[in-house]
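Here is a short report on one model.

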Amino acid sequence: MISLKSKREIQLMRQAADVLKLVFQEVHKHIRPGIATDELDQFAEKVIRDAGAEPAFKGYRGFPKTACISVNEEVVHGIPGNRILKEGDIISFDIGARVQGYYADAARTWPVGTVTKDEMLLIKTAKDALDAGLAAYKPGCRIGDLAEAIQKLIESRGFQVVREYVGHGIGRAIHEDPQVPNYGKAGQGARIQPGMVLAIEPMVTQGNCAVEILQDGWTVVTKDRKPASHYEDDIAFSEEGFVILTRDEPDVSV
Ligand code: MG
């Protein structure tokens, strides 16, 4: 069931989204070779709690940390720990917060020091794909219109789209209907209506898009162990169009 949000509910989601923007600004400052992913997680938790919000992922289905941090071939759901970032890594940082029962969920991928040109393009493509999806939005259009545009942008650059994990509605729960795939056909799927808030989150692979889950039960990696990127924003749709709740302009991502 798709729940439509009132202006008041979207205002609360905006507060949660503002907290995530602060997290991105703070954590991005600390991305450098030599830092452990767990330290980044601690910075994120402090920003969220100092803002009077709660981390949304901690304890979700038993996830132990505040952020999902996924390095290189890790696509999503990496668990922060004692892994030390090194020059040339790329790191996807996915974070959720709750304010008065309402959620925001967003992700960025950042380079650690200098990465290859192709990896920079991989990083940029996840964001560009989300923006291409939004550029395809017209009042009354369907999820598939956005999904097709996202897929086309990614594949036009020689990259691939992960199929197993998709975007979602968001609000009183972190994952609500409808599903928002990053691939598909225009004209298919639910109609986008005023009051919908969607977390759109393209996951892009440099090599083949097949993925598997590591022994820890969480970390999703590419089967060919080539790098992947991920970018996620929450978008509130209204009669007037849409607002990207979780994005600063200029963004700290790329
Ligand atoms: Mg999400």
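Lys21 counts as buried, at 16% relative accessibility. Buried means under 20% relative accessible area, exposed over 50%, and partly exposed in between (1.4 Å probe, protein chains only). Lys21 sits in helix H1 (residues 7–29). Helices (H or I, at least four residues) and strands (E, at least two) are DSSP runs, numbered from the N terminus. Beyond its neighbours within four places in sequence, Lys21 is in contact with Leu245, Thr246, Arg247 and Asp248. Contact means heavy atoms within 4.5 Å.

Gln151 is also buried, with a relative accessible area of 15%. Gln151 belongs to helix H4 (residues 143–156). Leaving out neighbours within four places in sequence, Gln151 is in contact with Val161, Arg163, Asn182, Tyr183 and Gly184.

## Basis of the model

This is a predicted model: local features need pLDDT of at least 70, side-chain atom pairs count only at pLDDT 80 or more, and totals for chains, interfaces and linings use all residues. Residues are numbered from 1 along each chain as its sequence is written, and side-chain values use heavy atoms, with hydrogens and water left out.

## Magnesium site

Which protein donors does the magnesium ion have? They are Asp105 (OD), His168 (NE2), Glu201 (OE) and Glu232 (OE), lying 2.1 to 2.4 Å from the ion. Donors are N, O and S atoms within 2.8 Å of the metal (3.2 Å for Na, K and Ca); water is not among the atoms, so the site may look incomplete. Along the chain, the donors follow the spacing D-x62-H-x32-E-x30-E.

Asp105 lies in strand S5 (residues 102–111), and Glu201 in the loop between strand S9 (197–200) and strand S10 (203–205), so the pair ties together parts that are 96 residues apart in sequence. Asp105 is buried, with a relative accessible area of 3%. Glu201 is buried at 7% relative accessibility.

## Helix pairs

Two packed helices are described by the angle between their axes and the distance between the axes. Axes are lines fitted to C-alpha atoms, for helices over the stretch in contact, and angles run from 0 to 180 degrees between N-to-C directions. The axes of H1 and helix H2 (residues 37–50) come within 9 Å and cross at roughly 145°. H1 contributes Val19, Leu22, Val23, Glu26 and Val27 to the contact; H2 contributes Leu40, Phe43, Ala44, Val47 and Ile48.

Helix H3 (residues 117–135) packs on H4 at about 145°, with axes 7 Å apart. From H3 come Thr125, Asp128, Ala129, Ala132 and Gly133; from H4 come Leu146, Ala149, Ile150, Leu153 and Ile154.

## Nonpolar cores

A nonpolar core is a set of buried Ala, Val, Leu, Ile, Met, Phe, Trp, Tyr and Cys residues joined through side-chain atoms within 4.5 Å. The largest has 42 residues; Val23, Val27, Leu40, Ile91, Phe93 and Ile95 have the most contacts inside it. Two or more residues each come from H1, H2, strand S2 (67–71), strand S4 (90–99), S5 and S9. H1 gives the largest share, 10 residues.

What does Ile95 touch, not counting residues up to four places away in sequence? The list is Leu20, Val23, Phe24, Ala44, Ile48, Phe57, Thr66, Ala67, Ala104, Asp105 and Ala106. Apart from this core lies another, of 26 residues, including Ala126, Ile200, Val204 and Phe237.
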